[in-house]
Amino acid sequence: MADLLSGKLVRLTAEEPKTLAEAYSRWSHDSEYWRLETSDCARQFSVWGIQKELEKELEKESENNFFFHIRTLADDRLIGNVGLDGVRWQHGESFVGIGLGEREFWGRGYGTDAMRVILRYAFQELNLRRVSLDVFEYNPRAVRSYEKAGFRHEGYARGYLLREGRRWDLIFMGILRQDWLALPTEDR
Amino acid sequence: MTDNLFRGQLVHLAADEPEVLAKVSSRWAQDSEYFRLLDSEPPILWSEKKHKEWIEKELEKDSSDNFGFMIHKNDDNAVLGFIALFALNWNHGDTLVAIALGERDHWGKGYGTDAMRIMLRYAFQELNLHRVGLLVFEYNPRAIRSYEKAGFQPEGRIRGMMRREGRRWDWLMMGILRSEWLQLQQESG
């Protein structure tokens, strides 16, 4: 069987708290990354603080969360994370989250590739029926990447965020198992 | 979006690392003039270890109304001081700010003003607050001038609040409203 956790550009990995603490602290000091990633007010993690949190977090065992890190196939660089966050087994549904902390990999297909890997994992291995996500209106690069991976627009929460003096929508997107199966083979 | 909210012209703000902060704080506290500009408590000297333990305990507390950063110089990344929002009231959109530069040779050169401008942008643009206030001692005209440059207005004084060097001194209250800050951004283009 083909390697479930590798795509064309990236593979999904588990990482040690120490490696992650250095990366997460550095990424959190980039406020643009943060504002694309979360609606929480921009925060900066100390290496000390985030390592403690991660050690607690990574110890937890869960049957509802499948969290991975993203490394490039070419030179094994840690560039981000992706995870199915809150699988609801009875409904065969999960939320997915993704973030690329290393700016130089933005807009070059790495995120789309990682998303394709996690979708294959969701539909082929976990046998889910649906994967959901939300994304901020001011992040068209992400919206385009999700569209390429097969997500469809489903709705939006109007004026969900207040940033830079104006309100922005939260966009809801989703992909059903049959949408995914209908994608060309090379796109999944 | 603002490319990096935490970066100004001279300095940038970064997360408090207990080890780094403990080291500089224990050194700065030896400077009694620094201490008396910062605090009305009598100067107390703590070991670096005690500073570190105290900082770690503070950082472990719930952080939803406490935003503290270290001030680093842009050119060589040296730590010059710290800046923090505290006593933040989300329901009123109001907070207090505190700032201190421990490195004396960097006083009066615009580093503090630059750090304050970053913090105000963060308060008004990211936290969407309505007002930022502060307290400053009457005998610290350098700080008062810096706050004025950053856009703070005098709001009042607490008369004779402290006794030092044989006389009584006022505490000055200053504040800046969101509307005033927006006006400043327009004027500076």
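**Salt bridges, a hairpin and a charged patch**

At 11% relative accessibility, Asp30(A) counts as buried (buried is under 20% relative accessible area, exposed over 50%, partly exposed in between, with a 1.4 Å probe and protein chains only). This is a predicted model, where local features need pLDDT of at least 70, side-chain atom pairs count only at pLDDT 80 or more, and totals for chains, interfaces and linings use all residues. Residues are numbered from 1 along each chain as its sequence is written, chains are lettered from A and ligands numbered from 1 in the order written, and side-chain values use heavy atoms, with hydrogens and water left out.

**Salt bridges in chain A**

- Asp30(A) pairs with Arg103(A) in a salt bridge, with the closest N and O atoms 2.6 Å apart (the rule: a side-chain nitrogen of Lys or Arg within 4 Å of a carboxyl oxygen of Asp or Glu).
- Arg103(A) sits in the loop between strand 4 (93-100) and helix 4 (110-125), and Asp30(A) in the loop between helix 1 (17-28) and helix 2 (31-37), so the pair ties together parts 73 residues apart in sequence (helices are DSSP runs of H or I with at least four residues, strands are runs of E with at least two, numbered from the N terminus).
- Arg103(A), partly exposed at 34%, also forms a salt bridge with Glu32(A), at 3.1 Å between the closest N and O atoms.
- Arg35(A) and Glu164(A) meet in a salt bridge too (2.7 Å, N to O).
- That pair links helix 2 of chain A to the loop between strand 6 and strand 7, so it ties together parts 129 residues apart in sequence.
- Arg35(A) is buried, at 0% relative accessible area, while Glu164(A) is partly exposed at 28%.
- Over all chains, the count comes to 33 salt bridges.

**The hairpin and its turn**

- Strand 6 and strand 7 of chain A form a hairpin with two residues between them, and Glu164(A) in the turn has a positive phi of about 55°.
- Most residues other than glycine have a negative phi.
- These two strands pair antiparallel over eight bridges (pairing takes at least two DSSP bridges).
- Strand 7 of chain A is also joined to strand 5 (residues 130-136) of chain A, antiparallel, by seven bridges.
- In chain B, Glu165(B) has a positive phi near 55° and is exposed, at 67%.

**A positive patch on chain B**

- Arg117(B), Arg142(B), Arg145(B) and Lys149(B) form a positive surface patch.
- Helix 5 (residues 141-150) of chain B gives the most to this patch, with three residues.
- Patch residues have over 30% relative accessible area and no salt bridge, with like charges joined within 9 Å and nonpolar side chains (Val, Leu, Ile, Met, Phe, Trp, Tyr) within 5 Å.

How values were computed: Accessible areas come from the Shrake-Rupley method with a 1.4 Å probe; for residues, only the protein chains shown count as cover. Lys and Arg count as positive and Asp and Glu as negative; His and the chain ends are not counted. The place of a charge is taken as NZ of Lys, CZ of Arg, CG of Asp or CD of Glu.
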